[in-house]
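Me: I have a model open and want to learn how to read it. Walk me through it, one feature at a time.

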Amino acid sequence: MPSFALRVETVFGEGCIAELGQRAKAAGYKHAFVVTDPGIRAAGILDSILSSLDEAEVAHTVYENVTPNPTIPEVDGGVVAMRDAGGDFVIGVGGGSAIDAAKGVAVTFAMGGATSKEYLFGVGATPFPGKVMPLFAIPTTCGTGSEISAAAVITDPVSHYKHLMLNCTPNVAILDPNLVAKMPAPITAATGMDALTHAIEAYVNPGNTPFTRMFATRAIQQISKNLRQAVNGPDRPAALKHMLYAADIAGQSMSQGLGQVHGLSHVVSGRLGTPHGVANAILLSQVLEFHKDFLAEQLLEIAPLMGINAFGMPANKAATEVVAAVRSLRSDISVTSKLSEVGMKESDIPQFVEDAQKSQGIFIAAPRAATAEDLSAIYKSAL
Ligand SMILES: NC(=O)c1ccc[n+]([C@@H]2O[C@H](COP(=O)([O-])OP(=O)(O)OC[C@H]3O[C@@H](n4cnc5c(N)ncnc54)[C@H](O)[C@@H]3O)[C@@H](O)[C@H]2O)c1
Ligand SMILES: [Fe+2]
């Protein structure tokens, strides 16, 4: 039977990053292995993390060799560096890419393996790793919910497949709105659409539960209300704070699985390097459009959460309005609606569908089973 647990201690509020060092020290940790990417240092975010550790006299080593859509070699490089440094816990600070790389390091280090590939679901010999180093996750984007989720997404640069690593839930998430206050608008937009995708895919997932739906409901409502403001409105700081929390809540909603938007977008990002949120934003409307008659009753429930007055509306009409609301939100925050604009060509479709069927089975089964023809049609509609 399904179960639901809140596994991550979540610390939140402006300035709460200052507590990081004391919290780590109180837990008995001595040497932090900080996994991040160069954009986080450039944004001035790393300073607040390192100074909190310094104040608590917790040693630290920084590993910055992480790129968007992080890869197996990037994770493996971190494991070697952590062994060399003598770290005894991991801090992931950044967007989903840095946090996922930190999760990969925390698992591979704890399991003692030679490569993180060993622990990738559907790939390695140990698809359900049983150990993970103590892990703090500090998001600097408002999107992935990785700070709360049980999985990491790691790319194999040879096959271009994005794979899941499971059983890597962080111990503590630190949500400090000050860390997202200066996030560039295009990153805010893309990551916000990722969070919306999580909540909607979780809501319509056949495995949904009353608990996952509770989180999805709140997240859809908050994102619909705040994402435009967070990207380019006059009340940006307050809206970004709501988005940071909403993305985390959306992360809580996805514990029973996501769906075809993620399955198809992972292939796009794996092959073309497209930011995860952008690929999702393009595909969300198209996957919903494709399944909207099947999903009509559920989209009727989602409609008011997106600000649509659906009182007395037939379900099919509400479903159409939800798809339109997704498109208008995406357009208002200047995210492209076309896969051709991120470099995909019609001739890519057969390869991408094959990739999706081979590597994204866990995602492409929802909201309902899809044939190769279905997946091709969705890609084609998004070009
Ligand atoms: N583990 C999960 O549950 C989960 C869920 C969804 C997505 N993901 C994964 O997360 C990754 C995407 O993460 P993302 O969308 O957060 O982006 P990201 O981590 O790839 O970051 C994108 C860029 O934004 C920069 N950046 C991040 N925060 C910033 C800030 N505050 N100011 C300035 N620049 C900043 C980074 O330096 C980077 O260059 C993908 O690999 C995706 O597959 C994981
Ligand atoms: Fe996502």
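Reply: Start with helix α9. 11 of its 13 residues are buried, so α9 is largely enclosed by the rest of the structure. Buried means 20 or more other C-beta atoms within 10 Å of the residue's own; exposed means 12 or fewer; partly exposed is in between; C-beta atoms are placed from the backbone. Helices (H or I, at least four residues) and strands (E, at least two) are DSSP runs, numbered from the N terminus. One caution: this is a predicted model, where local features need pLDDT of at least 70, side-chain atom pairs count only at pLDDT 80 or more, and totals for chains, interfaces and linings use all residues. Residues are numbered from 1 along each chain as its sequence is written, while chains are lettered from A and ligands numbered from 1 in the order in which they are written.

Me: Which residues of α9 are buried?

Reply: The run goes Gln260, Val261, His262, Gly263, Leu264, Ser265, His266, Val267, Val268, Ser269 and Gly270. Just after α9, Gly273 has a positive phi of about 75 degrees.

Me: How do I check the length of α9?

Reply: The expected span of a helix is 1.5 Å times one less than its number of residues. For the 13 residues of α9 (residues 260-272) that gives 18 Å, and the end C-alpha atoms are 18 Å apart, so the two agree.

Me: Which residues does Ala202 contact, leaving aside its neighbours within four places in sequence?

Reply: Two residues are in contact if their C-beta atoms, placed from the backbone, lie within 7 Å. Ala202 is in helix α6. Its contacts are Asn208, Thr212, Ala216, Ser253, Met254, Gln256 and Leu258. Ala202 is buried because 30 other C-beta atoms lie within 10 Å.

Me: What are the domains of the chain?

Reply: Domain bounds come from an automatic or database domain assignment. Here they give domain 1 (9-179) and domain 2 (185-382). Their centres, taken over C-alpha atoms, are 26 Å apart. Across the boundary, 24 residues of domain 1 are in contact with 30 residues of domain 2. On the domain 1 side, β1 (9-12), β7 (162-165) and β8 (172-175) are the elements that give two or more residues.

Me: Where does the shell around ligand 1 come from?

Reply: A residue is near a molecule or strand if its C-beta atom, placed from the backbone, lies within 6 Å of it. For ligand 1, 32 residues surround it, the closest being Gly39, Pro68, Gly95, Gly96 and Ser97. α2 (38-42), α5 (96-111), β6 (152-155), α6 (185-204) and α10 (276-291) each supply at least two. The largest share, 4 residues, comes from α5. Domain 1 and domain 2 each give at least three.

Me: Which backbone angles deserve a look?

Reply: His160 has a positive phi of about 70 degrees and is not a glycine. His160 lies in the loop between β6 and β7. Asn167 has a phi near 60 degrees and sits in the loop between β7 and β8. Then look at omega: the peptide bond joining Ala366 and Pro367 is cis, with omega about 10 degrees.
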